[in-house]
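Subject: Handover of a structure and its findings

Dear colleague,

Please look through it before reading the notes that come after it.

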Amino acid sequence: MRVSILTREYPPAIYGGAGVHVGQLVPQLEQFVDVEVQCMGDPRPGAIAHPENYPPGANAALRVFGADLAMVDAMGDVDLVHSHTWYANLAGHMAGLFKGIPHVVTSHSLEPHRPWKAEQLGGGYRLSSWAEQTAFEAADAVIAVSDGMRTDVLDSYTNLDPNKVKVVRNGIDPEAFAPDHNTDVVEQIGMDLDRPSVVFVGRITRQKGLVHLVRAAAMMDPETQLILLAGAPDTPEIAEEFNKAFGELKNQRAGSVTWIQEMLPRASVRQILSHATTFACPSVYEPLGIVNLEAMAAGTAVVASAVGGIPEVVVDSETGYLVPYDPKQAGDPAFVKKFEESFAQKLNDVTRDASLAKEMGTKGRQRAIDHFSWAKIAQETIEVYKDAVEHHDSN
């Protein structure tokens, strides 16, 4: 079988969980099938890259569609196409029609659950939503990265046959994120190893809930450090909200807050995670959360919001703590305040007890090894491919 993998992100240009997923999955799939990879952006080894530059100056969604068209045109002689995220879903759908081959979609997130993207894309959000829905409803198989995501897929797209939606969880390479006990990186960023620390890794988006963590950090114990590995905000509105909250926190906790805005190499992130007392994931929406797996593989306790697929990764009171969050109450200031207070309390519970943090970290790493290996995930993906081909051939 020859498969074309379509994705926006591909190593070394990775900024989110979908890119990590594809980058880890492809080498494992290559042990069983022939793989062609098409991505977006600058040329790179191992993939056919398509720039997002047409039509020039157009809305970002339209330029993504331009790259989608180029993907279909460049596709070789393949038996199945597998697309990741709405960025590539339209290309996968068109390729399936154009070549008469099965199309498999992996659902890393869902546009109906990310209404804040309208801030970023404007009318392009309606295009991204249309592309995702069209591709999902026509696909021969849909892979959900968690049980929670499967439920969300079927709730969002009621025309889908539930038998087509399979769960294949995200994974982690436990050796790539094994604990790193060196200290050159942590010393470089000014992390004090004699004080407890809370680390966040992720984008500054509504989805990642970073502003909630910044507000919760005001309630952390005074000696606890907050280390944010977070790139530039998605939109001016998010930037204004975050910068205000961060500025207030920095004034309140001088010397205890560090914000690293540039994207650090994965090896550097691993070392920082390895030395953190706990990793914080305050996401308001998270299909699974590879970043939690990365922290667990590094031997770090996790405090996370109990949304989406996170409870399938983090075991409450065993590998960390889960904090309840209800997206339907996001507009209620009293609920949000209570969530932030609860998040701060759980962070304090871990940072006050070094032995508890170590025990949770040890159990988290073992869980990552036992349940989330990429070899297992690749085998399960191949089974979905076989079912998709059978379904396609029978129609």
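This is a predicted model: local features need pLDDT of at least 70, side-chain atom pairs count only at pLDDT 80 or more; totals for chains, interfaces and linings use all residues.

Residues are numbered from 1 along each chain as its sequence is written, and side-chain values use heavy atoms, with hydrogens and water left out.

The interior

A nonpolar core is a set of buried Ala, Val, Leu, Ile, Met, Phe, Trp, Tyr and Cys residues joined through side-chain atoms within 4.5 Å; buried means under 20% relative accessible area, with a 1.4 Å probe and protein chains only. The largest such core has 85 residues, and those with the most contacts inside it are Leu210, Leu213, Leu228, Leu273 and Phe343. Helix H12 (residues 333–351) gives the most to this core, namely seven residues. Helices (H or I, at least four residues) and strands (E, at least two) are DSSP runs, numbered from the N terminus. A second, separate core has 24 residues, including Leu29 and Trp374.

Helix H8

Seven of the eight residues of helix H8 (residues 210–217) are buried. Among them are Leu210, His212 and Leu213. The buried residues of H8 pack against strands E8 (197–202), E9 (225–230) and E11 (278–281), and against helices H9 (236–252) and H12. Leu213 touches Phe200, Leu226, Leu228, Ala280, Pro282, Phe343 and Leu347, not counting residues up to four places away in sequence; contact means heavy atoms within 4.5 Å.

Cavity and pocket

On a 1 Å grid over the protein atoms alone, a cavity is a set of points where a 1.4 Å probe fits but cannot get out, and a pocket is an open set with protein on both sides within 12 Å along at least five of seven lines; lining residues have an atom within 4 Å of a point. Grid points are joined across faces, edges and corners, and a volume is the space filled by probe spheres set on the points.

There is one cavity of 30 Å³ or more. Helix H4 (residues 117–121) supplies the largest share of the lining of the largest cavity, three residues.

The second largest pocket has a volume of about 370 Å³. Of its 19 lining residues, Ser274, His275, Ala276, Thr277 and Ala357 lie nearest its centre. Helix H13 (354–371) gives the most to this lining, with five residues.

With kind regards

Conventions. Buried means under 20% relative accessible area, exposed over 50%, partly exposed in between (1.4 Å probe, protein chains only).
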